[in-house]
Amino acid sequence: MPISAASEALPAEPEAWEPRDPTLSPRPRPDRPRRLRRLLRRLAGLAALGLLLLLGGLVAGYLLVDVPAANATAVAQSNLYLYRDGSQLARDGEVDRENVSLARVPLGVRRAVLAAEDRDFHTSPAVDPRAMVRATWNTLTGKGRQSGSTITQQYVKNYYLGQEQTLTRKAKEFFIALKLGREKSKDEILEGYLNTSYFGRNAYGVQAAARAYYGKDAHELDTAEGAYLASLLNAPNAYDVTAHPENRARVLARWHYVLDGMVSEGWLSPAARAAAVFPEPQPARASAGLSGQRGYLVQAVEQYLTEHGIVDEKTLAAGGFRITTTLERAKQDAFVKAVEESVTARLDPERRPTDRFVRVGGAAVEPGTGRVVAIYGGVDYTRQFVNNATRRDYQVGSTFKPFVLAAALQHGAQTQEGERITPNTMYDGDNRRPVQGWPGAYYDPANEDDESYGPISVRTATDRSVNAVYAQMAVDVGPARVRDTAVALGLPARTPDLTASPSIALGPATASVLDLAQAYATLANHGRHGSTYTLVEKVSRDGEELELPASAPGNDGVQALSREAADTTTAVLRGVVRDGTGTAALAAGRPAAGKTGTAEDDKAAWFAGYTPELATVVAMMGQDPETGRQLPLYGALGLPRINGGGAPAEIWARFTRDALAGVPVKEFDLRLMEGAEEQPLEPPLPDYPDQGYEGPQRPRGKGAGAPRAGAWTGAGVRERGADPVRREARRAEPPTAAEPARPGPPPAPAPAPPAQVPPATEPVPSAVTPMEPSGPVGGTGTADGPVGGAPGPAGDPGGAPVSGPTSP
């Protein structure tokens, strides 16, 4: 190809490659200052926009973030239960907290906290932006936890939010703190902070901390102790010098830092600072919770508070109550020891299956004050939940009999033959003797072991716990009156099976041990009964005391029973301890009165007794631990049977001895009713015709006609002849077929005592007026009204009597 043609085929070179014309001037460069100004304007705009966005966010956050309700943990408080001497009994609830007002915290303690946490609290705003930025940066960069927050912010975290370390929580904390700073005073915020801060040892708030570390209330703390508690806020667990002695140097450094800060702020003088000595805290104690007797005691106190309308259950469950009880630690320990020695140490469930069923309950009351000083609820609340001292599901048995006697004495009741009932009145004590004068169904209670006693005085019948005598006496008094007397003495009117029928005398009612102790305390107090027993001395919440029933104006109790009736009952019950079924109580080493009792089928055994200073009731019960079914106690403790005069009386004696150790022995000061003096026994005299004919009773119901062979034919026999000395009447022979039973004439009035016998030293009290029977004498009337098919008195139903216990 020709060269010219090839040249034409090549593309032309770009113009940029052409050499610059030297005759042309250079292109002008951009102005640097102008470009910088343009950049600055852009940055300023971005900053302004950012600031506007920040301000908008702050405004939006302030408007959108509301102050929430307090979190559950912050308001949760435990109830603190104290013995009468102020020492701690128990604390219920998971959170150990007891709120106190700021006025209850010493000024030195408050200033120690401020020196440790926020020295500018009273002058600075609610939030510290610089500290917030620092804390946020540390959180983002992983440098660990550093709060730097004000006390207001920390209070917000404790009370409204939580402890999580997140940006969201920090933002909420900021806005809520801003609002609180405008809505609450500094004192309100500081009080909330002191009540919500954690001090270690599961103690929330300064009051719980004072108890945990120094065993005292917050208002008793001094400045040095307050400085140590303030030091704990920085590292509660690590700065506990008893749990972590290796950190002692760090703890002392923090403690000195707090005190030095107080000096620099003018809150502590240099001289006081120099004299300050580190206050060693008490060793940490493992929480016993509600184990042992604590749970039973707390349960009994809670029941008392709610049943008497002092605090409702919901409010009590919210916590925050400080409850000082009437319980005494020494007596409480004495009860536990007595049960351990008399029962627990003798149990052998591996060899004796019945020992698995044994339960024990007890209560002790001061007669003069009504204060409950000790309660035994069971072996351990964490193992046996039911409180044996307050449960109302076991029959009280013959421990009810004194109420029948007291009712008879109080109302001047008469036998079926019209004789006023006294401890020396004679009754028929034969086994299965049908009661006379009862308009209801046939009732013939059995005595223990089906034993017959024949003619027997009320005093001896009480010693031997003769059911036949007391069932008849209940009819003679009127079962409704017996019931009313028991309630007046202290049994709750709602007591299960407290029914007005002849069987009421045998104790089918299922009062609690504590109920019965209250009633016996009234007898010991000469018949005077307060409106209620007292288990609580003081209740307060947030420093405000609640009014208690026993502290109400004018509430000094009532005379439930005349003194003469109560004291005469006591005199009879002293015989039970001296030579009756309760002789084991003599081991107390003090003058005592009491009564044994056994529930139907031997499912429970009781001893109720008192000295002039203390009334105590002990019950031993049988219950299957798996099914909860009540079971007999046959074979328990290796004994054929358990009765009230055995282990219950032994517990009573041991407890009473130890509980009253060091207290001078005091005799009963008794004022007896006329005719109640104990009289010497003489050999029985024969029945002579000129001394009056004791005709047979007119039987009722089943077995009407001639009396049973061996039955004593008189419902009640007056002391015959001129000699007023008590005589046990001879058992009359039953009439033969050839000699039908002759009806007896109405009994003549009792002859006056001869001149040589001194009259009773005490007059008949005005409160006890002998009653005239409302119908003819001789088995046709009772003190309550007519019988013989006519409707019974009010409260005395005519139906079948409730079956009751058959042994003392």
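1. Glu 307 is partly exposed, with a relative accessible area of 40%, in what should be read throughout as a predicted model. The side chain of Glu 307 meets that of Arg 392 in a salt bridge, at 4.0 Å from N to O. Glu 307 belongs to helix 13 (residues 294–307), whereas Arg 392 sits in the loop between strand 7 and helix 16 (401–410), so the pair ties together parts that are 85 residues apart in sequence. Arg 392 is likewise partly exposed, its relative accessible area being 23%.

2. Arg 392 also forms a salt bridge with Asp 515, and here the closest N and O atoms are 2.6 Å apart. Asp 515 lies in helix 20 (residues 513–524) while Arg 392 is in the loop between strand 7 and helix 16, so this pair ties together parts that are 123 residues apart in sequence. Asp 515 is buried, with a relative accessible area of 2%.

3. Asp 355, which counts as buried at 3% relative accessibility, forms a salt bridge with Arg 352, with the closest N and O atoms 2.9 Å apart. Elsewhere, a network of salt bridges links Arg 84, Glu 328, Lys 331, Glu 366, Arg 371 and Glu 537.

4. As for the overall make-up, the protein chain has 22 helices and 18 strands, and of its 808 residues 50% count as buried. Among contacts between residues at least 6 apart in sequence, 73% join residues that are at least 24 apart.

5. From helix 15 the contact is made by Lys 331, Ala 334, Phe 335, Lys 337, Ala 338, Val 339, Glu 341 and Ser 342, and from helix 22 by Glu 650, Ile 651, Arg 654, Phe 655, Asp 658 and Ala 659. Sorted by class, this contact has seven nonpolar, one polar and six charged residues. Lys 331, one of the contact residues of helix 15, is also among the residues linked in the salt-bridge network of point 3.

6. A second open sheet to look at has five strands in the order 2-1-5-11-12, with mixed pairing. The edge strands of this sheet are strand 2 (88–92) and strand 12 (544–545), each of which pairs on one side only. Strand 1 (residues 79–82) and strand 2 run antiparallel and are joined by four bridges, with Asn 79 standing opposite Asp 92 in strand 2.

7. In helix 4 (residues 107–117), the residues Gly 108, Val 109, Ala 112, Val 113, Leu 114, Ala 115 and Ala 116 are buried, and what covers them includes helix 6 (151–159), helix 8 (186–196), helix 9 (206–214), helix 10 (223–232) and helix 11 (248–264). In helix 19 (residues 479–489), the buried residues are Pro 479, Ala 480, Arg 481, Val 482, Thr 485, Ala 486 and Leu 489. These buried residues of helix 19 pack against helix 16, helix 18 (467–477), helix 20 and strand 10 (528–529). Just after helix 19, Gly 490 takes a positive phi of about 145°.

Key
Residues are numbered from 1 along each chain as its sequence is written. This is a predicted model: local features need pLDDT of at least 70, side-chain atom pairs count only at pLDDT 80 or more; totals for chains, interfaces and linings use all residues. Side-chain values use heavy atoms; hydrogens and water are left out. Helices (H or I, at least four residues) and strands (E, at least two) are DSSP runs, numbered from the N terminus. Buried means under 20% relative accessible area, exposed over 50%, partly exposed in between (1.4 Å probe, protein chains only). Contact means heavy atoms within 4.5 Å. Ala, Val, Leu, Ile, Met, Phe, Trp, Tyr, Cys and Pro count as nonpolar, Asp, Glu, Lys and Arg as charged, and the others, Gly among them, as polar. Two strands pair if DSSP finds at least two bridges between them.
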